[in-house]
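Hi there,

Here is the structure I promised to pass on. Have a look at it first, and then read my notes below.

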Amino acid sequence: MSDFITKRAEDINQWYNDLVIKGELADYSSVRGCMVIKPYGYALWENMRDALDKMIKDTGHVNAYFPLFVPKSLFEAEEKNAEGFAKECAVVTHYRLKNDPNNKGKLIVDPEAKLEEELVVRPTSEAVIWNTYKTWVQSYRDLPLLINQWANVVRWEMRTKLFLRTAEFLWQEGHTAHATQAEAIEETKKMLGVYADFTENWLAIPVYQGVKSESERFAGADDTYTIEGLMQDGKALQCGTSHFLGQNFAKAFDVKYQTTEGKDEYVWATSWGVSTRLIGALLMTHSDDKGIVMPPKVAPHQVVFVPFLHEKKPEQNQILIDKCNEFVTQFKAKGIRCKIDTDLMKRPGFKFAEHEMKGIPVRIVFGPRDLEENVAEVARRDNLSKESISQDKLVDHVENLLTEIQANIYNRAKEYRNTNTRECTDYEDFKSKIAEGGFVITHWDGTAETEEKIKEETKATIRCIPYDYEQTAGKCIYSGKETKHRVLFARAH
RNA sequence: AGGGAUGUAGCGCAGUCCGGUAGCGCACCUGGUUUGGGACCAGGGGGUCGCAGGUUCGAAUCCUGUCAUCCCUACCA
């Protein structure tokens, strides 16, 4: 039946698409590569956004908003950055349409309305922002500048995948300016830490923190720090990045400040971002063959009540619904997000399956039988177990259960990630481990050539030089050269 | 961008080879029986077959072009 989710073992890509579409998070749209985020998916994003926004503000940043369009001349100012994004930019060339004289009721682009200078739809906002910072920074007193924006950006991707890679996506991008290199590097690392904290503690996705190799670096950055997750298909997913931009943008946009000694110095910069891709990461990390498994902390609904309603028994229905409402009030007082399923038409079994597909962490069932016995049936989504709980203990029980589920799915994901992170010193062994999926930790001689060869031969890329693994001496797995780099390889999304 | 596949009702599909005026399942509407893990029976509404041309008395079906989507590569948050 089409209402069921494709099994992971059958077709993991279809499984993922089913989670998104049948879980009602998003829909395909009539715009190439762009999706419609549906209310349930957007509620999830709002919860994620609100939590992260607070963390960003708690670390001293403030929000602002910069324009969607970047004049081409500004865009090309930082050469490496421009070059890196050039192939995937949407460009506005005209500002007016007019009626087609040859085709009634149709419109054409008015050739008279060509823009003097093309506008690039931002694929990222460094250019507009640094052009603005130029006027904001005069003195060391203006620093640091710690600004974040929530925005949409457009990258004209060839192949798109719901949430993981869409032509337009939502994200936050932080852009900071500092007086010293040390302070900027500290900021870069600090924000990576915020991302790791957020993905692990809110989304329950374990991540490796580390530094990108040069070839994987953000265009225009001196260093890119990353958090990398492992998805259930054995592929790594870059979940967020934090860039140390050096003085590249300061020089390109001439952003200088006067020191206490009265000298002019270029400022030091960082930028960092996470996107709606994190929704894809969350789905691919926790979900199962029955559907989505939402981490309680960001789940749009944390608890769903299913009263056993009977079309022919309105009095009984009302008693059951009243009972639900009584508990909803108590849950809401504790900040727990609830929903009551009062649909008369659908049978309980159907509702159970539906709520499981959408990943609601806890289901509470009230039937006439439960009322008589003064209990409720409580089912948890993460391990599909259920138990009968006395009503006077229900609120505390569920509150604890949400915490337990959050911890359980994190531990489960971490165990999967850990057992699929393997050490390796032999190239043949490396190839077979990479083919099986997961991360492989191994020595690399630090050259782009070796990295490229390994990518060609195995499709694996260096995800990062991880914090978690000691940088001990050893032999490069490919060239055999002595090296101190130990890196994480994986096939990636 | 290269390779493969697919566009027919809201969704999933059959019909296309061999042209004759569109069908099935789910969903939806009405009525009834059901209701502790995806109910059943009966009746009913909805599409001119992605789009644009062409061939033909006649095109979902044949031809040309075009657009879109999915999968595998390549690129990326």
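Let me begin with E24, which sits in the loop between α1 (12–22) and β1 (26–28). Please keep in mind that this is a predicted model. E24 is not a glycine, yet its phi is positive, at about 60°. Most residues other than glycine have a negative phi, and most peptide bonds are trans. With a relative accessibility of 37%, E24 counts as partly exposed.

Where is F163, another residue with a positive phi that is not a glycine? F163 is found in the loop between β9 and β10 (168–178), and its phi is near 65°. Is F163 buried or exposed? Its relative accessibility is 1%, so F163 counts as buried, the cut-off being under 20%.

While you are looking at the backbone, please check the peptide bond between L143 and P144. This bond is cis, with an omega of about -5°. P144 belongs to the loop between α5 (126–136) and β9 (145–154).

Next, the helices. How do α2 and α8 cross? Helix α2 covers residues 39–58 and helix α8 covers residues 277–286; their axes come within 10 Å and cross at roughly 105°. Angles of 65 to 115 degrees count as roughly perpendicular, so that is how α2 lies to α8. On the α2 side the contact is made by G41, L44, W45 and M48, and on the α8 side by L278, I279 and L282.

Now for the charged side chains. How many salt bridges are there? The count comes to 29, taking a side-chain nitrogen of Lys or Arg within 4 Å of a carboxyl oxygen of Asp or Glu. Here are some of them:

- D50 and R49 meet in a salt bridge, at 3.5 Å from N to O. D50 is partly exposed at 44% relative accessibility, and R49 is also partly exposed, with a relative accessible area of 23%.
- D343 and K346 form a salt bridge, at 3.5 Å from N to O. D343 has a relative accessible area of 26% and is partly exposed; K346, at 33%, counts as partly exposed too.
- K346 also forms a salt bridge with E354, where the closest N and O atoms are 3.9 Å apart. E354 is partly exposed, with a relative accessible area of 25%.
- K212, E216, E228 and R463 are linked in a network of salt bridges.

What is R486 in contact with, leaving aside its neighbours within four places in sequence? The list is E423, I441, T442, H443, I465, P466, Y469, E470, Q471 and T472.

L107 is placed in strand β7 (residues 107–109). Its relative accessible area is 53%, and L107 is therefore exposed, since the cut-off for that is over 50%.

Happy browsing, and do write back with any questions.

Best wishes

Terms used: Residues are numbered from 1 along each chain as its sequence is written. Chains are lettered from A and ligands numbered from 1 in the order in which they are written. This is a predicted model: local features need pLDDT of at least 70, side-chain atom pairs count only at pLDDT 80 or more; totals for chains, interfaces and linings use all residues. Side-chain values use heavy atoms; hydrogens and water are left out. Helices (H or I, at least four residues) and strands (E, at least two) are DSSP runs, numbered from the N terminus. Buried means under 20% relative accessible area, exposed over 50%, partly exposed in between (1.4 Å probe, protein chains only). Axes are lines fitted to C-alpha atoms, for helices over the stretch in contact, and angles run from 0 to 180 degrees between N-to-C directions. Angles under 35 degrees count as roughly parallel, over 145 as roughly antiparallel, 65 to 115 as roughly perpendicular and the rest as oblique. Contact means heavy atoms within 4.5 Å.
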